[in-house]
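Colleague: I am new to this structure. Please show it to me, and then we can go through it together.

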Amino acid sequence: MCGIVGYIGPQEAAPILIQGLKRLEYRGYDSAGVAVINGAGLTVVKRPGKLRELEKALRQAEPTGHCGIAHTRWATHGAPNQVNAHPHTSAAGDIALVHNGILENAEVIRKQLIGEGYSFASETDTEVLVHLIDHLWDDGAPLEDAVVAALRLVDGAYGIAVVSTRDPDKIVVARHGSPLLIGVGRNGEMMTGSDAAAVIALTREVVYLDDGDYAVLKADGYRTFRLEGSEVDRRVHEVTWNLDAIEKGGYEHFMLKEIFEQPTSLRNVLRGRLLEEEGDARLGGIENHQFDLGRMRRMVVMACGTSWHAGLVGEYMIEELARIPVEVEYASEFRYRNPVLEEGTLALAISQSGETADTLAALREAKQRGLSTMGVVNAVGSTIARDTDFGVYLHAGPEIGVASTKAFTSQIVALALFTLYIGRRRHMSVVQGREIVRALQQLPAQVEEVLKLNDEIRALAEEYSDARNFLYLGRGYQFPVALEGALKLKEVSYIHAEGYPAAEMKHGPIALIDDDMPIVVLAPRDPVYQKVVSNIEEMKARNGRIIAVVSDDAPELQGKVDRLIRVPHTIPSLLPVLTTVPLQLLAYHMAILRGGDVDQPRNLAKSVTVE
């Protein structure tokens with residue numbers, strides 16, 4: 001979602017702010033702006049569109065100063081135009097504020113401020129907050145006092161950074177429901193950002209703010225407080241990845257780079273976690289927790305989008321191999337439907353960023369109901385990672401492309417490790433455990449084999465790039481892959497696509513099939529293979545254009561499908577990792593051929609931090 005960057009120190013602020021915003025471009029945005037304090041006041045420059053438009057404007061304005069804030073906006077309140085872009089300023093132009101999140105009582109406060117004589121230029125809830133700070137600021141008081149007073153009156157989610165010429169040489173930041181961190185520099189400089197990527201060029205030492213925290217940043221240090229007034233000490237974390245991880249590394253797009261990084265990301269998920277002789281997994285984030293996994297009666301998985309699809313694969317794994325009932329919930333619906341959550345239930349939150357607002361809200365609802373909570377996240381130090389009782393990190397490295405690829409396959413493997421871990425503590429034999437371990441060990445090399453199909457899939461995309469609709473079909477473990485394949489195509493190519501259980505086609509959707517309808521069928525050799533072959537026969541009889549993803553030569557399908565995509569074979573529970581990679585490549589190449597922006601698709605954001 002929206003990105004925040006702030007800097008205070010000896011260097012010129014504007015170039016550092018722009019550099020930070022560029023590191024956050026992957027989050028998705030539709031306008032951008034900066035505010036810099038100089039000796040004469042505040043210079044605010046903002047533009048709709050991409051950062052290059054802001055950079056052009058900055059070359060003309062030439063703002064100077066050593067303290068400033070910047071923002072990339074993903075529109076919530078108000079159209080994506082220059083007036084609604086951040087930073088927003090007070091009427092006198094002496095306070096500037098950037099904001100991620102949504103203030104739910106903004107309209108009530110707006111009417112009150114209009115009654116006090118304030119006027120509004122934008123449609124945003126953010127402008128309400130900056131005027132409220134101005135209204136509550138007592139003469140002679142520090143900026144942070146006015147910010148705290150204002151935040152005590154607002155409802156909703158926010159991550160903010162505020163500067164003012166009335167109290168220069170500081171940045172005040174605060175968070176509630178929207179991620180924000182402090183970058184601790186070593187040369188008399190400090191930064192803030194909504195993501196570690198914003199500050200990594202300056203420092204690897206970051207402090208993650210908790211909900212209800214605010215902080216005062218000065219060039220020589222920072223102090224953190226709770227909104228109720230007490231000072232707190234937040235631990236400094238070291239960012240373990242470097243700038244190379246968020247560069248394209250010779251690839252044309254981040255999405256393609258991250259697809260090809262999957263052998264490495266899977267090895268990172270598995271590293272040090274497999275016990276071959278014991279047929280078991282070592283999961284340090286779980287083993288020392290008091291929750292008795294052996295007596296767990298039920299699991300509830302909470303996730304959104306691609307992570308929800310990974311959770312669905314996890315449901316099939318855990319129920320089949322560990323014999324524990326699992327329910328996979330859309331996190332956005334979970335807390336609004338009063339779910340039944342009995343004792344012995346484990347709540348599992350899955351999120352690449354660890355900041356997904358809907359998943360975080362569902363997690364907190366589960367905690368409030370007294371459930372033990374677990375996280376499967378990629379971002380170390382993220383809110384979900386800190387709020388859960390225990391969990392598993394993916395260690396997949398930063399994922400910059402908006403359409404998740406390597407995080408999805410890493411999530412499946414992390415869930416397989418968890419399944420192995422709890423299965424061995426319940427009824428799974430050592431023989432079965434060793435089979436799973438061996439299959440996991442082979443998986444990264446098998447993904448490398450699938451990636452060799454890139455040219456073949458590019459040619460396939462050329463053949464189908466004019467399609468207006470796609471169907472993706474699968475059964476068993478392949479049904480979530482069908483959902484994920486359809487989502488990827490929608491996200492980056494803007495082609496309408498739908499994932500469906502293959503057997504459900506004859507209950508209505510088969511009416512859609514004609515010779516203009518491409519159908520991707522997941523048909524690896526697994527326990528339901530022959531059933532899928534029968535489904536293919538039904539669709540071929542209606543002139544469907546069928547692309548089959550198979551795990552052998554599939555002689556039964558020769559002459560019955562238009563294209564065969566062959567992937568290596570593995571145990572059924574891990575086949576989704578291998579069958580999903582061709583679908584990622586297909587979506588990528590289809591989007592490129594249609595002129596799409598695969599790394600920043602329209603209307604989308606990498607991490608959805610508003611409800």
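Modeller: H13 and H18 are roughly antiparallel to each other (an angle over 145 degrees; under 35 would be roughly parallel, 65 to 115 roughly perpendicular, the rest oblique). Please note that this is a predicted model, in which local features need pLDDT of at least 70 and side-chain atom pairs count only at pLDDT 80 or more, while totals for chains, interfaces and linings use all residues. Residues are numbered from 1 along each chain as its sequence is written, and side-chain values use heavy atoms, without hydrogens and water.

Colleague: At what angle do H13 and H18 pack, and how far apart are their axes?

Modeller: The angle is about 175° and the axes are 10 Å apart, with H13 covering residues 406–424 and H18 residues 575–593. Axes are lines fitted to C-alpha atoms, for helices over the stretch in contact, and angles run from 0 to 180 degrees between N-to-C directions. Helices (H or I, at least four residues) and strands (E, at least two) are DSSP runs, numbered from the N terminus.

Colleague: Which residues in H13 and H18 meet?

Modeller: From H13, Phe408, Thr409, Ile412 and Val413 meet Pro576, Val577, Thr580 and Gln584 of H18, where contact means heavy atoms within 4.5 Å.

Colleague: Now to the rings. How many aromatic pairs does the structure hold?

Modeller: There are 6 aromatic pairs. Rings of Phe, Tyr and Trp (its six-membered ring) pair if their centres lie within 6.5 Å; planes under 30 degrees apart count as stacked, over 60 as edge-to-face and the rest as tilted. Tyr214 and Phe225 are stacked, because their ring centres are 5.1 Å apart and their planes lie at 15°.

Colleague: Where do Tyr214 and Phe225 lie?

Modeller: Tyr214 is in strand E12 (residues 213–218) and Phe225 in strand E13 (residues 221–226), so this pair ties together parts 11 residues apart in sequence.

Colleague: Which ring pairs form a cluster?

Modeller: Ring pairs link Tyr464, Phe470 and Tyr472 into a cluster.

Colleague: One last topic: is Ala70 buried or exposed?

Modeller: Ala70 is buried, at a relative accessible area of 0%, and is found in strand E4 (residues 67–73). Beyond its neighbours within four places in sequence, Ala70 has contacts including Gly3, Ile4, Leu17 and Val98.

How values were computed
Buried < 20%, exposed > 50% of the residue type's maximum accessible area, 1.4 Å probe, protein only.
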